[in-house]
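Dear colleague,

Please find below the structure that I am handing over to you. My findings follow directly after it, and I would be grateful if you read them with the coordinates open.

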Amino acid sequence: MKLMPSCEEVSRLLSKALDEPLGLLDRGILQVHLSMCGSCRNVDAQLRELHGMAQDLFAAGPADDAHAHRARASHRSARRE
Amino acid sequence: MTFQDASAAKESAAAPAATAWSATELGALRTRLMRHARMVLADPGVAEDLVQDTLLGVLEGAAQRRGDASLVTWATSILKHKIADWYRAPARRLMVQMGPDDDELAAEIDADFDERGHWSRPVPAWQQPEQHEERRQMMGVLEDCMGRLPAQTGRVFFMREWLGFDNSEIGLKLGLSGENVRQILHRARMGLRGCMQHNWVGGGGRA
């Protein structure tokens, strides 16, 4: 890992951090980058939130009205259009 | 009637528990369990068997059941343990092969970044859902997004987030290197993030 990682590399570290403890260097690199980059801070918060929500979803069962939203959620690939 | 209601009604009434579940309720529960099982198991026959086992366990155990966990929560947890045991059988070794939809997602995530690896466009913050109802809706959208993950990517993600396997165990069972597993989980999470961004934040969930 470079000392000045790109946002893409940072997103990989953020995902990795959800699976295993990061080493001292990785943590330092992340901290410096996050202090300078609002987008990566937002992605950090979002990945953590999704991780937590997935845990809750599996532990607590369904959102009862999941199907009501099925219609609203258009196909993923549409988001690039 | 939700399972929670059914469960509450059952516990307050003195009627025999074993007869408290209607065919419709069990059908809905089965559908839900199958959806989860199919996300994490490639073989539909194995998914079918483990869900069937789980439902039998639920019916047998219903009378003795204590605690206030809803039927779905309880059944999902039984299923999870059955699937984890299935994967943990010493001889179990599967090979996953990435499909075209997995590559498509990888390309979508690449497009999140420019050639220097910076975000193609700034990533806005999400507002926290304030009310219970709002969070519940958000969970519904997340569930849909998870259902739309490419098959192999979804399998790895569910093994990690649902079964609670660590990366090395996933790699061992699916014939993937540690770096592969990390990469797939990254792709899954970024894909879910993009899907939520589009369908929840940008789709009218939050004005």
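A residue is called buried here when its relative accessible area is under 20%. Please keep in mind throughout that this is a predicted model.

Helix α7 of chain B, residues 151-161, is largely enclosed by the rest of the structure, because ten of its eleven residues are buried. The buried residues of α7(B) are B:Gln152, B:Thr153, B:Gly154, B:Arg155, B:Val156, B:Phe157, B:Phe158, B:Met159, B:Arg160 and B:Glu161.

The structure holds one cavity of 30 Å³ or more, and the volume of the largest cavity is about 40 Å³. The greatest contribution comes from α3(A), which gives three residues. Sorted by class, the lining comprises three nonpolar residues, one polar residue and two charged residues.

I turn next to the cysteines. Over all chains, the count comes to one disulfide. This disulfide is formed by B:Cys145 and B:Cys195, whose sulfur atoms are 2.2 Å apart. The link of B:Cys145 and B:Cys195 is left-handed, with -80° about the S-S bond. Because B:Cys145 lies in helix α6 (residues 132-147) of chain B and B:Cys195 in helix α9 (residues 178-201) of chain B, the pair ties together parts that are 50 residues apart in sequence. Both B:Cys145 and B:Cys195 are buried.

In chain A, A:Cys7 is in no disulfide, and the nearest cysteine sulfur, that of A:Cys40, is 3.7 Å away. With a relative accessible area of 5%, A:Cys7 is buried.

With kind regards

Definitions and conventions:
Residues numbered from 1 in each chain as written. Chains lettered and ligands numbered in written order. Predicted model: local features only at pLDDT ≥ 70, side-chain atom pairs only at ≥ 80, totals over all residues. Heavy atoms only, no water. Buried < 20%, exposed > 50% of the residue type's maximum accessible area, 1.4 Å probe, protein only. Helix = DSSP H or I, 4+ residues; strand = E, 2+ residues; numbered from the N terminus. Disulfide = S-S within 2.5 Å. 1 Å grid on protein atoms, 1.4 Å probe; cavity = no way out; pocket = protein on both sides within 12 Å on 5 of 7 lines; lining within 4 Å. Points joined across faces, edges and corners; volume = space filled by probe spheres on them. Nonpolar A, V, L, I, M, F, W, Y, C, P; charged D, E, K, R; others polar.
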